[in-house]
Amino acid sequence: MKQSQKKSHFIVCMSLVCLYALLNSYGALVLKYEINRIPEALASEPLFFFLSLAQSMPALSGLAAIFLSAFIWMAVLSKWDISVAYPIATGLNFLIVIGISISILREQLSWNQGLGIVLILLSISLLYSNA
């Protein structure tokens, strides 16, 4: 493969991985946000819990995003080795979900959790640098 073809292949693969991570993270975050909005009395009853989510357009859009991300992931795997794609996707998912869960969902992060996240991201970058 020529250098220009490699670069274009890399750009396509990275774009697909980024789209996968964005859709997957969006789905997870919207579902979490909608679950947090369900009153505790309904949350304890599985049928009412699922009916509440099924009537929520944001929750349905989150499920659709996760569903669509699965197809994009299949496209990624058809073009790139999983040993390269998975660490990148995992790192992007970490960054997106943690960033939004702290800034928008107001979740707390302890120093130990923060250090763990940094170590995981460093490990992923080390794995990717050898791929």
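## One salt bridge

Search the whole structure and you find one salt bridge. Keep in mind that this is a predicted model. The partners are glutamate 34 and arginine 37, whose side chains meet at 3.2 Å, N to O.

Where do glutamate 34 and arginine 37 lie? Both are in helix 1, three residues apart, which is about one turn of the helix.

## Buried or exposed?

Glutamate 34 has a relative accessibility of 8%, so it counts as buried, the cut-off being under 20%. Arginine 37 comes out at 53%, and because exposed means over 50%, arginine 37 is exposed. So the salt bridge joins a buried glutamate 34 to an exposed arginine 37.

With a relative accessible area of 1%, serine 25 is buried.

What does the side chain of serine 25 make a polar contact with? The partner is the side chain of asparagine 93, at 2.9 Å. If you leave aside neighbours within four places in sequence, serine 25 is in contact with Asn93, Ile96 and Val97.

## How confident is the prediction?

Across the protein chain, pLDDT averages 88, and 95% of the residues score at least 70.

Key: Residues are numbered from 1 along each chain as its sequence is written. This is a predicted model: local features need pLDDT of at least 70, side-chain atom pairs count only at pLDDT 80 or more; totals for chains, interfaces and linings use all residues. Side-chain values use heavy atoms; hydrogens and water are left out. Buried means under 20% relative accessible area, exposed over 50%, partly exposed in between (1.4 Å probe, protein chains only). A polar contact is a pair of N or O atoms within 3.5 Å; within protein, one must be able to donate a hydrogen and the other to accept it, and residues adjacent in sequence count only if both atoms are side-chain atoms. Contact means heavy atoms within 4.5 Å. A salt bridge is a side-chain nitrogen of Lys or Arg within 4 Å of a carboxyl oxygen of Asp or Glu. Helices (H or I, at least four residues) and strands (E, at least two) are DSSP runs, numbered from the N terminus. pLDDT is the predictor's confidence in each residue, from 0 to 100.
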